[in-house]
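Let's take a walk through this model together, one piece at a time. Keep the structure open beside you as you read.

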Amino acid sequence: MEEILLNKPGKKIILLGNEAIVRGALEEGVNFVSTYPGTPASEIGDTFSKIQNSKFKIQNLYFEYSTNEKVALEAGIGASFSGLKTLVAMKDFGLNVCLDALLPFLYTGTKGPTVIVVADDPSCHSSAQSEENTRGLALLAHIPALEPSDPQECKDFVKLGFQISEKFKIPVMIRTTTRVSHQRAPVKLGKITKSGIGGKFIKEPKRFVTMPPRVLEMKKELLEKIEKIQEFSEKNSINKIKTQKLEIKNLKLGIITSGISFLYVMEALKELNLDLPVLKLGFFYPLPEKKIKNFIKDFKKVLIVEELDPYLEKEIERLAKEVNCKLKVIGKELIPEVGELKPEIAIIALAKFTNTKYKIQNTKYKIQILKRFPQLCPGCPYWFVFSAIKKAVDTKKVIFGGDIGCYMLFGLPPLNIQDYLFCMGSSVGIAHGIKKATKQKLITFIGDSTFFHAGIPALINTVYNKSNPLIIILDNQTTAMTGHQPHPGAPKDKNPIKIEDIVKACGVKNLKVIDPIHQKEFINTVKEFLNKKEVSVIVARRPCKFVRT
Amino acid sequence: MLIVGTGGQGQITLLQILAEAALSEDYNIKTSELHGLSQRGGSVEVHLRFGKKIFSPLVSQGKADLILGLEMQECLKACYFANSKTAFLINKYIVPIPLQKPLTEKEILKNLKKISKKVTLIEAANICQKELGTNIVAGIYLLSLASFKKLIPLKPVSILKAIKKIIPEKYLELNLKTFNLAKT
């Protein structure tokens, strides 16, 4: 950790993409950082947390783990309105949670420069629920979005993001993916700037209040800003053409790509011994349309290499109609729309695109391979909960709701007790719907951090609209899955907001806090609560074995 | 190269050591790893590429020069990245897969030798347990050995320097002992 704080401009050190994001913010003198942990974004907050809890603590820098991403962004908006340099970090689904706050933030714009880092997880390595592409949300919100390819760019783009935000008074999104956030490579350090002093909120209702009719004026102002940023994007060197050939004019083929896909394209060109012009887009939104038009105007065919949905491909098809209507735009014919890109996929696509002969190593060896599922750790307190449930009920007859956390593994063999799984906090909301629709027995699980994140409004709804699921809050006193971050029920200063107090205050009458190691009590309570006419809650409290002191 | 095994075997620490060692020898480096759900006791595979000019952090299908296996069954999964010239350096260690009959050592080696002749099984876990009282450092042993055997084109002294940089003070002595054990 000391290394990330080295103030030796020009020195190269190895950083994880997420650490490079932190370094970029430190070089810009960031004042305020908020986040909710989520893979593959967690190390951004964790690195700030480590710095601020160490002897290297940075003056005038505030960091918090917020209760959820929406609150994290709202806190960031408040800091920005008060003039602070602000960074908010989250995983892809986090952006869905805070979308409600994000859209008006584009209308008001920033006061203190603000960067929002969002990490997508193509192939869902550490994400249930969906294979999301947050580039679509950038379009929806009209937020300028930059896509780095490697740790060096993570640092550089965060810095550029702050500069764009400062110049145009608009939040800027940095969109990474797992293979960027969790990529290590040497990064050339710049100078760490001291964070400026505390903020001051100056009343400017015209700027910060989105009431109609002002709101439509604000939308117009936003679109005007975007036009100016597009001009900026046209001239900015993060959208660049890579080729060894001096004259692009005589070439018939070209490639357009961005983010991690750029690295696979370059690897493929090296592997195939080809030299084609490659336009690497650092800006996803707004796109440098003139630069793209100029790039494609003389080609016969262009290959668009991008992961997941064909956002670039569609835009480029549109631009081609204006400058080169005969151009063949090829994308998803050769590049899959599901799952992350891999170097071999890029190699095969480029070989087909250029009619180059290439034989990929056949690795369909006739060997026996066993499938290894992730498991609850040995000594995990959730094993006790599982064991009690198995003894208390016929698991075939009861419906089991799942939520986001280590206990998602209840859905995998050998446990197999999970009948639905959606997004943070949803287990309770869906349980209420099922209980309203049927007479079947239902037990739903939700973790402690997840309960604070999004479970509370759903719990109030079950009480208010009267249904009777049995909700088991798995309280292991930490946000375990993402790397043991603290939460309101298990803060660093040992002054917790007690989950049982919240549950009581929500109007739940059937409530027990049980250490699941007391199997008999747990089993009897499950049996008893399943027959109640009103909602019941068991707080299964036993710390994760990694936080036990 | 790839380092494969199960969650908690220290793949990311090994990756950090290798990346530091490669940087000290002025190579271009890229690595890739996974965190979170994918780590919980499941298979963990990390990638490291270094050379003159490196773009992709991921090794391509069938293109690995070296596969460092911390667990034997996981080596079979890594065969997606192997060709007939790929070297396998394997820890003699099997973590059973729940509800499944584990493959025997013999079966695994037979399978691997169908693909490459360069398969070396090392009693890393046993040696470390016997000499140092713990097999947690089996990965460091294997990595050091790979450098001494020139399976990784990085000087042992670079690996040693990187171990000193990456491993926390508390565990450094044990890891240095492991490095020296691999030397003999």
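This is a predicted model: local features need pLDDT of at least 70, side-chain atom pairs count only at pLDDT 80 or more; totals for chains, interfaces and linings use all residues.

Begin with chain A, which is divided into domain 1 (3-235), domain 2 (240-353) and domain 3 (382-541). The bounds of these domains come from an automatic or database domain assignment.

Turn now to domain 1 and domain 2 of chain A, whose C-alpha centres lie 27 Å apart. Where the two touch, 24 residues of domain 1 of chain A are in contact with 20 residues of domain 2 of chain A. On the domain 1 side, two or more residues each come from α6 (135-141), β6 (145-146), β7 (172-177), α8 (178-181) and α10 (214-235) of chain A. Which of these elements gives the most to that side? It is α10(A), with five residues. By class, the side of domain 1 of chain A that touches domain 2 of chain A has ten nonpolar, seven polar and seven charged residues.

Next, look at where the chains meet. Chain A puts 41 residues into this contact, and chain B puts in 42 residues. On chain B, the elements α1 (11-24), β2 (28-32), α2 (72-77) and α3 (105-115) each supply at least two residues of the side that touches chain A. That side of chain B divides into 18 nonpolar, 17 polar and seven charged residues. To find the place on screen, look for A:Arg184, which stands opposite B:Thr31 in β2(B).

Now for some helix packing. Two packed helices are described by the angle between their axes and the distance between the axes. In chain A, take helix α15 (residues 382-392) and helix α19 (residues 519-530), whose axes come within 9 Å and cross at roughly 55°. The pair is therefore oblique, α15(A) to α19(A), and α15(A) passes α19(A) in a right-handed crossing. From α15(A), A:Phe384, A:Ser387, A:Ala388, A:Ile389, A:Lys391 and A:Ala392 meet A:Gln519, A:Phe522, A:Ile523, A:Val526 and A:Lys527 in α19(A). The residues of this contact divide into seven nonpolar, two polar and two charged.

With helix α6 (residues 156-166) of chain B, α5(B) packs at an angle of about 155°, the axes being 8 Å apart. How do the two helices run relative to each other, roughly parallel or roughly antiparallel? The angle makes α5(B) roughly antiparallel to α6(B). Here B:Ile140, B:Leu143, B:Ser144, B:Ser147 and B:Phe148 in α5(B) meet B:Pro156, B:Ile159 and B:Ile163 in α6(B). By class, this contact has six nonpolar, two polar and no charged residues.

The other partner is helix α7 (residues 169-183) of chain B, which packs with α5(B) at an angle of about 40°, with axes 8 Å apart. That angle makes α5(B) oblique to α7(B), and α5(B) passes α7(B) in a right-handed crossing. Residues of α5(B) in this contact include B:Ile140, B:Ser144 and B:Phe148, while those of α7(B) include B:Phe179 and B:Lys183. The contact of α5(B) with α7(B) has seven nonpolar, three polar and one charged residues.

Key. Residues are numbered from 1 along each chain as its sequence is written. Chains are lettered from A and ligands numbered from 1 in the order in which they are written. Axes are lines fitted to C-alpha atoms, for helices over the stretch in contact, and angles run from 0 to 180 degrees between N-to-C directions. Helices (H or I, at least four residues) and strands (E, at least two) are DSSP runs, numbered from the N terminus. Angles under 35 degrees count as roughly parallel, over 145 as roughly antiparallel, 65 to 115 as roughly perpendicular and the rest as oblique. A crossing is left-handed if the near helix is turned anticlockwise from the far one by less than a right angle, and right-handed if clockwise. Two residues are in contact if their C-beta atoms, placed from the backbone, lie within 7 Å. Ala, Val, Leu, Ile, Met, Phe, Trp, Tyr, Cys and Pro count as nonpolar, Asp, Glu, Lys and Arg as charged, and the others, Gly among them, as polar. Two strands pair if DSSP finds at least two bridges between them.
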